[in-house]
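The sequence and structure are shown first.

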Amino acid sequence: MTSKSIKQFRPSRNSRYKQGYINTNTCKKLLDRTNPVIYRSSYEISFIRWMEASRKVRGWASECVCIPYFLNGRQRRYFPDFYLEMADGTRLLVEIKPKNQTTPPLNENSWAWQTWITNCHKWKAAQEWCTHHGMEFKIITENTIHRLG
C-alpha cells in the first residue's frame, strides 16, 4: 500500500473524461478548503454544481475519507468522491460512476470485468464503513444527476 494521498493523483490531460480543478474560493458549502477539489468527470462537475445550489446540502468535501479494503489478499485504499452533510442531519458518502460501470459486464475476461470486481470490493467496504459510522453510502450515475432537484 502506498502512502500517496488521492489528491496527489492529478487530473490527466490524456483521460477520456473531463478532468481539472475547481476554484475552492467559489464554493460556499465546501467543508475543507485546505485540499484541492479535483473533478475527474463531467458528472462530478454537475454534482458539485448541484451540491452548491441545493438547499438540501449543508456542506460537502471531496475525496476526504479513506476506506481500507482488501482485494487479492492485499489491503488497498478507497476514496469515495464526496462526503455530504445534509440539512436534515444525514451524512453521506457518494461515489459518482457512469451507469455502465454499475452493473456487471457481459464478458468476464474483459478489463471491464476486473474494474467491476474492484468496484464491488470498494463499495462493500464503503457500505460497512458507513454503517459503522452512522452514514449512508450512495452510488450516483448520470441518470440520478439529471433527476436531482
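The sections below take these topics in turn.

## Overall architecture

The model is predicted. The protein chain contains three helices and eight strands, and from the N terminus on these elements follow the order β-β-α-β-β-β-β-β-α-β-α.

Of the 149 residues in the protein chain, 42% are buried. The chain exposes about 9,200 Å², and carbon and sulfur atoms supply 49% of that area. Among contacts between residues at least 6 apart in sequence, 56% join residues at least 24 apart.

## Nonpolar cores

The largest nonpolar core comprises 20 residues, and those with the most contacts inside it are Phe-47, Met-51, Trp-60, Phe-82, Leu-84 and Val-94. At least two residues of this core come from each of strand E2 (37-39), helix H1 (42-53), strand E3 (57-62), strand E6 (82-86) and strand E7 (91-96). Helix H1 gives the most, with five residues.

Leaving aside residues up to four places away in sequence, Phe-82 touches Glu-44, Phe-47, Ile-48, Met-51, Trp-60, Ala-61, Ser-62, Glu-63, Leu-92, Leu-93, Val-94 and Ile-96. A second, separate core has 16 residues, among them Tyr-83, Leu-93, Trp-113 and Trp-123.

In one of them, the side chains of Arg-40 and Glu-63 meet at 2.7 Å, N to O. This pair links distant parts of the chain: Arg-40 is in the loop between E2 and H1, whereas Glu-63 is in the loop between E3 and strand E4 (67-71), and the two are 23 residues apart. Both Arg-40 and Glu-63 are buried. Glu-63 is also one of the residues that Phe-82 touches.

How accessible are the partners in the salt bridge between Glu-128 and Lys-124? Their side chains meet at 3.2 Å, N to O, and both residues lie in helix H2 (residues 111-132), four residues apart, about one turn of the helix. Glu-128 has a relative accessible area of 47% and is therefore partly exposed. Lys-124, with a relative accessible area of 54%, is exposed, because the exposed class begins over 50%.

A further salt bridge joins the side chains of Lys-138 and Glu-136 at 3.4 Å, N to O. Lys-138 is partly exposed, with a relative accessible area of 37%, and Glu-136 is likewise partly exposed, at 34% relative accessibility.

Definitions and conventions:
Residues numbered from 1 in each chain as written. Predicted model: local features only at pLDDT ≥ 70, side-chain atom pairs only at ≥ 80, totals over all residues. Heavy atoms only, no water. Core = buried A, V, L, I, M, F, W, Y, C linked by side-chain atoms within 4.5 Å. Buried < 20%, exposed > 50% of the residue type's maximum accessible area, 1.4 Å probe, protein only. Contact = heavy atoms within 4.5 Å. Areas by Shrake-Rupley, 256 points an atom, 1.4 Å probe, with all protein chains shown as cover. Salt bridge = Lys/Arg side-chain N within 4 Å of Asp/Glu carboxyl O.
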